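I open this notebook to record what I looked up, entry by entry.

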Amino acid sequence: MAEVAPIGAGGTPHPRTPEPDGTLRIRGGVGGIRFQFEELLAGAAALDGLVLQLQAIEVEAERVKVALFPHQASAYTSGSNAIIAVGESGREIGWVREQLQRIGSDVRASHREYEFAESHAAIRLRMGMGMPVLATGPNPLDLGQRGATEGAVRDLTRILALMMGLPPVAANLSGATVGPTDVGAVLRAIVAVPGLDFLRPRPVSVSRGEIATERIDLSAAGMLRELDDVGATSESEIEVLQVDKDGARAWVVLIPGTQPGNPPGGSNPLDEAGIAEALGYNSMETSKAIRQALLEAGAAAGEAVVAVGHSQGGIHAMNLSKDKAFLAEYDLKFVVTAGSPVGGITPQAGIGSLHLEHEQDWVPGAEGKANPDTKDRVTVTMTNPILEPGEDQGIGPAHKLSRYEEGAKLVQLSSDPSLAASTATLGGILGAGGVAKVSRFKLTRETPPAPRGRR
């Protein structure tokens with residue numbers, strides 16, 4: 001169970017790591033330290049109100065004491081006792097007021113120190129000082145753990161080029177004049193490199209595919225299992241689930257991870273060029289396609305939506321949480337991501353999210369930013385070792401969606417307050433599961449225009 005960091009001399013919080021729950025490290029949510037500090041600050045504000053009331057009582061007690069002075073001579077003993085009693089009461093009220101003021105001041109000082117420590121850590125992280133630099137050995141996938149990736153911001157262009165299957169020269173050409181932690185600017189610079197304009201976003205059309213009625217487990221683990229099936233049995237398809245809960249409809253959008261193109265930038269918007277669109281252009285075309293898919297599935301304006309995505313799909317899902325056009329149409333309630341770099345995406349207030357990461361998966365840290373610690377945003381880092389001898393690493397065995405499904409099952413069983421609240425929120429939106437209408441939609445990226453001078 002997460003607790004507020006102990007306060008040392010001068011009201012300074014001692015540094016601490018996210019609380020462990022077995023093989024899970026948990027950050028954010030109602031058990032997160034930032035939310036608890038917010039609660040303490042709210043309490044300090046309430047104390048301020050009490051202090052003002054006590055000050056008014058002190059003034060009134062002094063006024064009563066002064067009013068008793070003329071009557072002291074007529075009944076000296078009782079008059080003196082009354083004056084003394086009122087005076088002592090006023091002093092005791094003043095003592096309580098001073099203690100409350102001190103408590104409020106200490107809470108605010110502690111919060112200031114915490115904010116300073118967080119800012120200092122963030123600056124070090126962005127300067128590449130907080131973690132070891134990425135490996136540069138012969139294996140281009142030897143990138144180390146997620147935390148190391150977040151710290152090695154100086155290698156951001158190389159990491160992004162690797163994610164998109166581009167040669168290192170593309171990164172070297174792109175990053176010279178771009179701030180090292182502005183992932184969007186870096187990607188737009190990569191797209192501007194001669195010969196890489198195929199990475200530029202293009203309109204995405206939507207065509208309806210298979211429709212079925214199935215029993216679906218609507219827990220985070222169940223939806224990741226369904227998402228794994230979508231990615232394994234189709235290409236360039238997303239899935240939309242219609243869920244009926246207590247007479248009200250809710251919708252789930254499942255977005256697979258990157259599906260390598262041959263070559264990238266072809267008709268599949270979920271290929272490597274989709275990473276550039278997701279991180280560099282806020283999923284501008286894919287978000288429109290998801291909105292269109294929901295419309296064709298029968299979703300009405302204002303109905304509740306949950307978005308679930310793996311890797312690149314998680315970035316698209318999280319980008320919906322700040323897409324004004326999407327949010328004007330649908331009530332996005334919750335986002336689940338697995339192995340996705342989404343630390344730089346700030347959702348609209350009130351949208352909950354659960355982010356699953358693994359410390360041996362470098363992809364979630366590929367943009368060089370950790371997920372913020374807020375009430376509505378819970379990040380779970382899996383720490384169980386998963387590298388198996390002889391296993392085909394690919395982009396990394398820790399990045400497999402099946403691994404994250406295992407982590408989601410542990411989340412569901414956890415009694416940690418942040419995870420319990422996240423699980424309850426998701427269950428409140430969708431229910432435990434049951435029969436759902438399942439619709440597949442194929443997304444097709446527009447053919448690029450022919451180069452000038454060609455027909």
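Where does Ser236 lie? I found Ser236 in the loop between α7 (220–233) and β4 (237–245), where helices (H or I, at least four residues) and strands (E, at least two) are DSSP runs numbered from the N terminus. I note that this is a predicted model, in which local features need pLDDT of at least 70 and side-chain atom pairs count only at pLDDT 80 or more, while totals for chains, interfaces and linings use all residues. Residues are numbered from 1 along each chain as its sequence is written, and side-chain values use heavy atoms, with hydrogens and water left out.

I looked up backbone angles next. Most residues other than glycine have a negative phi. Ser236, however, has a positive phi near 60°, and Ser236 is buried at a relative accessible area of 3% (buried is under 20%, exposed over 50%, partly exposed in between, with a 1.4 Å probe and protein chains only). Ser283 has a positive phi of about 60° although it is not a glycine; Ser283 sits in the loop between α8 (272–280) and α9 (284–297) and is buried at 0%.

I then turned to Asp361, which I located in the loop between β8 (352–358) and β9 (377–382). Asp361 is buried, with 1% relative accessibility, and its side chain makes a polar contact of 2.6 Å with the side chain of Tyr404. For a polar contact I took a pair of N or O atoms within 3.5 Å; within protein, one must be able to donate a hydrogen and the other to accept it, and residues adjacent in sequence count only if both atoms are side-chain atoms.

Lastly, I noted that a search of the whole structure finds 1 aromatic pair. Phe326 and Tyr330 form this tilted pair, at 5.6 Å centre to centre and 50° between the planes (ring centres of Phe, Tyr and Trp, the last by its six-membered ring, within 6.5 Å; planes under 30 degrees apart are stacked, over 60 edge-to-face, the rest tilted). Phe326 is buried at 0%, and Tyr330 is buried at 2%.
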